[in-house]
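Have a look at the model first.

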Amino acid sequence: PGFRDISFTIAAALLLLLVLKSWLRLGWLLPGAPAAKLKRSCISVASFLHDLGYRRQSAETRKEFQQRMQRELRIRVPAIYAPFNLLKYATSPSARLSQEEISRIRREDFQALRTLPLIKRVGAFLNPASILAFLAGGGW
C-alpha cells in the first residue's frame, strides 16, 4: 500500500472516531421523545466524565456515582441521573419531564463541568476512552 492509501485509511478512521464522539456528546440534539433525549443527555454527561477518567464502578448505582463525583470533583454532577432514575424506575405515569426541564438539567451539568481546568476538558475531548467503551457495549 502506498502513502496515499495509508493516509486515506488514517483519515477515515479519525473521521469515524470524530463522528462517534459527536454522537456520544451531542446525541441529545437529535429529535425524539423526552425519554430518548433524557437517555442521550445521560450518555453525553457520562461519556464526558468517562473521558475525564471518572467511570461508574461495577455494582455502583447512579446515585452512588453522583455522590462520589461530588466528593472527588467537588461539583454536583451528573445531576441528570436523578430524573433518569425517576423516569426509568417510577411506576406512576406522572413521572414525566418536559424537554425544557431535561435541557435545563443538562445545561447545569455542563456548566458545572466547565469549571474544570481547560486542559482537562481538552484532554477529555481527545481521549478515546468513551468511544472504546461505547464500542465494547459499556453501559452508562
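Q: Which helix gives the most to the lining of the largest pocket?
A: That's H5, with five residues. Keep in mind that this is a predicted model.

Q: Which other helices each supply at least two residues of that lining?
A: Besides helix H5 (99-113), they are helix H1 (3-26), helix H2 (34-52) and helix H6 (118-126).

Q: What is the volume of the largest pocket, and which lining residues are closest to its centre?
A: The volume is about 320 Å³. Of the 15 residues that line this pocket, the closest to the centre are Arg25, Leu26, Ser44, Phe110 and Arg114.

Q: Why do Arg25 and Arg114 count as lining residues of the largest pocket?
A: A lining residue has an atom within 4 Å of a pocket point. Arg25 and Arg114 are among the residues that line the largest pocket, so each of them has an atom within that cut-off.

Q: How does the lining of the largest pocket divide into nonpolar, polar and charged residues?
A: You get six nonpolar, three polar and six charged. Arg counts as charged, so Arg25 and Arg114 go in the charged group.

Q: What about the second largest pocket: what lines it?
A: Its volume is about 170 Å³, and the lining is Leu14, Leu17, Leu18, Lys21, Phe125, Leu126, Asn127, Pro128 and Ile131. H1 and H6 each give two or more of these residues, and H1 has the largest share, with four.

Terms used. Residues numbered from 1 in each chain as written. Predicted model: local features only at pLDDT ≥ 70, side-chain atom pairs only at ≥ 80, totals over all residues. Heavy atoms only, no water. 1 Å grid on protein atoms, 1.4 Å probe; cavity = no way out; pocket = protein on both sides within 12 Å on 5 of 7 lines; lining within 4 Å. Points joined across faces, edges and corners; volume = space filled by probe spheres on them.
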